[in-house]
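Please look through the sequence and the model shown below before reading on. The report then takes up a few features in turn.

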Amino acid sequence: MKIICIGRNYVLHAQELNNPIPEIPVWFMKPETAIITKDRPFFYPEFSQDIHFETELVFRISKVGKYIEERFADTYYDAIGIGFDLTARDLQQEFKVKGLPWEPAKAFDGSAPISDFIPIEEFSDIQNITFSMKKNGVVMQTGKSSEMLFNIHRIISYVSQFVTLKIGDLIFTGTPAGVGSIEVGDKLEAFIGERLMLTTEIK
Ligand code: ZN
């Protein structure tokens with residue numbers, strides 16, 4: 001399986017990192033080894049001094065597809081969870097300046113803690129899901145799926161022009177504003193609506 005991540009999908013987040021508002025979805029990938037399953041700890045890596053949390057809704061692909069039309073995209077996922085797109089911001093800044101790929105800053109082992117998934121039938125409106133995260137009990141990020149620049153259907157349609165989506169693939173849909181650093185000893189919690197979905201302790 002693969003993890004596809006969308007960058008700069010919320011206007012306020014793009015602005016907080018001084019990035020332009022994209023005209024087409026910005027995407028990159030993480031490998032399977034990035035996944036930390038529900039509530040297991042994240043071990044701070046030695047290659048970065050500035051790991052950031054980014055809290056994102058995650059859609060699970062349930063059907064194989066290529067060149068998926070936007071109007072049919074809603075039949076290609078079956079569940080939604082929440083995850084942290086952990087990012088070595090210091091490395092990413094360096095690579096951005098040099099025009100190099102982001103993978104070392106984004107795709108490292110453990111960079112994708114992910115919750116369990118909620119079947120889409122349990123959501124009344126996919127385009128209006130609220131989510132949030134707390135660091136050490138303090139709310140740091142709140143988001144709404146309606147605030148995405150490119151919604152999940154557009155993302156599926158766009159990305160599937162390039163790569164075949166397969167059952168079990170995951171799509172991280174971008175972070176709202178409020179990203180920030182983590183340190184050893186921190187506790188991150190992610191919520192969909194009021195429901196606590198994911199706890200990640202930093203070790
Ligand atoms: Zn992200």
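The sections below describe a metal site, a sheet and the nonpolar cores.

## Basis of the report

This is a predicted model, in which local features need pLDDT of at least 70 and side-chain atom pairs count only at pLDDT 80 or more, while totals for chains, interfaces and linings use all residues. Residues are numbered from 1 along each chain as its sequence is written, and side-chain values use heavy atoms, with hydrogens and water left out.

## The zinc site

The zinc ion has as its protein donors Glu-54 (OE), Glu-56 (OE) and Asp-85 (OD), which lie 1.9 to 2.1 Å from it. Donors are N, O and S atoms within 2.8 Å of the metal (3.2 Å for Na, K and Ca), and since water is not among the atoms, sites may look incomplete. Along the chain, the donors follow the spacing E-x1-E-x28-D. Glu-54 lies in the loop between β4 (51–53) and β5 (55–61), and Asp-85 in the loop between β6 (77–84) and β7 (87–88), so the pair ties together parts that are 31 residues apart in sequence. Strands (E, at least two residues) and helices (H or I, at least four) are DSSP runs, numbered from the N terminus.

Both Glu-54 and Asp-85 are buried, where buried means under 20% relative accessible area, exposed over 50% and partly exposed in between (1.4 Å probe, protein chains only).

## The sheet

Six strands form an open sheet in the order β2-β1-β12-β5-β6-β9, with mixed pairing; two strands pair if DSSP finds at least two bridges between them. Strands β5 and β6 run antiparallel and are joined by seven bridges.

## The nonpolar cores

The largest nonpolar core has 47 residues, and Ile-80, Leu-86, Ile-156 and Ile-192 have the most contacts inside it. Helix α4 (residues 152–159) gives the most to this core, with five residues. A nonpolar core is a set of buried Ala, Val, Leu, Ile, Met, Phe, Trp, Tyr and Cys residues joined through side-chain atoms within 4.5 Å.
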